[in-house]
Amino acid sequence: MDWGTELWDQFEVLERHTQWGLDLLDRYVKFVKERTEVEQAYAKQLRSLVKKYLPKRPAKDDPESKFSQQQSFVQILQEVNDFAGQRELVAENLSVRVCLELTKYSQEMKQERKMHFQEGRRAQQQLENGFKQLENSKRKFERDCREAEKAAQTAERLDQDINATKADVEKAKQQAHLRSHMAEESKNEYAAQLQRFNRDQAHFYFSQMPQIFDKLQDMDERRATRLGAGYGLLSEAELEVVPIIAKCLEGMKVAANAVDPKNDSHVLIELHKSGFARPGDVEFEDFSQPMNRAPSDSSLGTPSDGRPELRGPGRSRTKRWPFGKKNKPSRQPWALYPPCRQW
């Protein structure tokens, strides 16, 4: 169904509807623009978050980088960073393919709409001018007819008046004839104006305005089609990055599965094992009989000359205290006991 046929008398309705359509297009562009800002802010926050949690030291200088747990966490951070890049790509595609293109298209539609309505208003103004001319010729014809009838009545009255001179009667008849001729010309002019106006009016309602309305209909349908395509771009921009995002998520899953507790335990052993043997039992030393005390590997030695021998730190083969305070040298086993007196 055509606007030009069904809505021939709804000029104002079409004017409001087409304006509403362009406003809707502009609203959608504004929505997408704000959507891109949200995506950009989201990507920026993700990148900042990743930067905050990435290790500060190079992997070669960081012993913790040898653990699978740390490696998996770093890989997850990298995947999140790639995910942020995809959000930036969505924002860029929406900005270029929707905001810029639809904004340009909206301007073109506004110019086309303005041109069509200007053409319609000019045609309407021309018809109104024709109608004014018709009304003027009609009033002139009506006025001339009254004047002609009045002049005819005056001539007839003078013709019957015995007191009227022949010259007055003749003059009245000439005036009546002139008025009658003018009325006839006005009639012809009015008839011509009426014929012209009816022709122009028929052209206006059956040809000129329907063509303009049909152009507006075509314009509005093209705008709606383009807007629908713009709606589709919103999802297409997302679908384009879905494969990459899926890879990012799969990478996170792989990183989660890469955590190897047994290997991390082995790495910790290789990084921090000391090689010391665990200490044996401490033997009982009988200080009640110091002269008969036998030397042992875990006590102070007594040389043959009777002088006690203290074992220095270099001779200790065990590490007895694994929970010593940091930066404080551990006490050697021989330091736990006071030196023996010389006898």
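Start with the secondary structure of this predicted model. Walk along the sequence and the order reads α-α-α-α-α.

**Whole chain.** Show the surface next. The protein exposes about 24,500 Å² of accessible surface, with 53% of that belonging to carbon and sulfur atoms. Of its 343 residues, 27% are buried. Now turn on contacts. Take those between residues at least 6 apart in sequence: 81% of them join residues at least 24 apart.

**The core.** Select Y28, V32, L94, V98, M209, F213 and L216. Within the largest nonpolar core, which has 40 residues, these touch the most other members. The elements giving two or more residues to this core are α2, α3 (68-160) and α4 (166-257). Helix α3 gives the most, with 15 residues. As a general point, nonpolar side chains in soluble globular proteins tend to be buried together.

Stay on M209. Which residues is M209 in contact with, leaving aside neighbours within four places in sequence? They are F11, G120, A123 and F204.

Find W8 in the loop between α1 (3-6) and α2 (11-53). Is W8 buried or partly exposed? W8 has a relative accessible area of 43%, so it is partly exposed.

**Salt bridges.** Display the charged side chains. The count comes to 17 salt bridges. Side chains of opposite charge can pair when their charged atoms come close.

- Select E15 and R121. Their side chains meet in a salt bridge, 2.2 Å from N to O. The pair links distant parts of the chain: E15 sits in helix α2 and R121 in helix α3, 106 residues apart. E15 is partly exposed at 22% relative accessibility, and R121 is partly exposed at 37%.
- Select R47 and E88. The closest N and O atoms of this salt bridge are 3.0 Å apart. R47 belongs to helix α2 and E88 to helix α3, 41 residues apart. R47 counts as partly exposed at 29% relative accessibility; E88 counts as partly exposed at 32%.
- Select D220 and R223. Here the closest N and O atoms of the salt bridge are 3.2 Å apart. Both residues lie in helix α4, three residues apart, about one turn of the helix. Are D220 and R223 buried or exposed? Both are buried.

**Last stop.** Select R35, E39, R87 and E238. Salt bridges that share partners join these residues into one network.

Key: Residues are numbered from 1 along each chain as its sequence is written. This is a predicted model: local features need pLDDT of at least 70, side-chain atom pairs count only at pLDDT 80 or more; totals for chains, interfaces and linings use all residues. Side-chain values use heavy atoms; hydrogens and water are left out. Helices (H or I, at least four residues) and strands (E, at least two) are DSSP runs, numbered from the N terminus. Buried means under 20% relative accessible area, exposed over 50%, partly exposed in between (1.4 Å probe, protein chains only). Contact means heavy atoms within 4.5 Å. Accessible areas come from the Shrake-Rupley method with a 1.4 Å probe; for residues, only the protein chains shown count as cover. A nonpolar core is a set of buried Ala, Val, Leu, Ile, Met, Phe, Trp, Tyr and Cys residues joined through side-chain atoms within 4.5 Å. A salt bridge is a side-chain nitrogen of Lys or Arg within 4 Å of a carboxyl oxygen of Asp or Glu.
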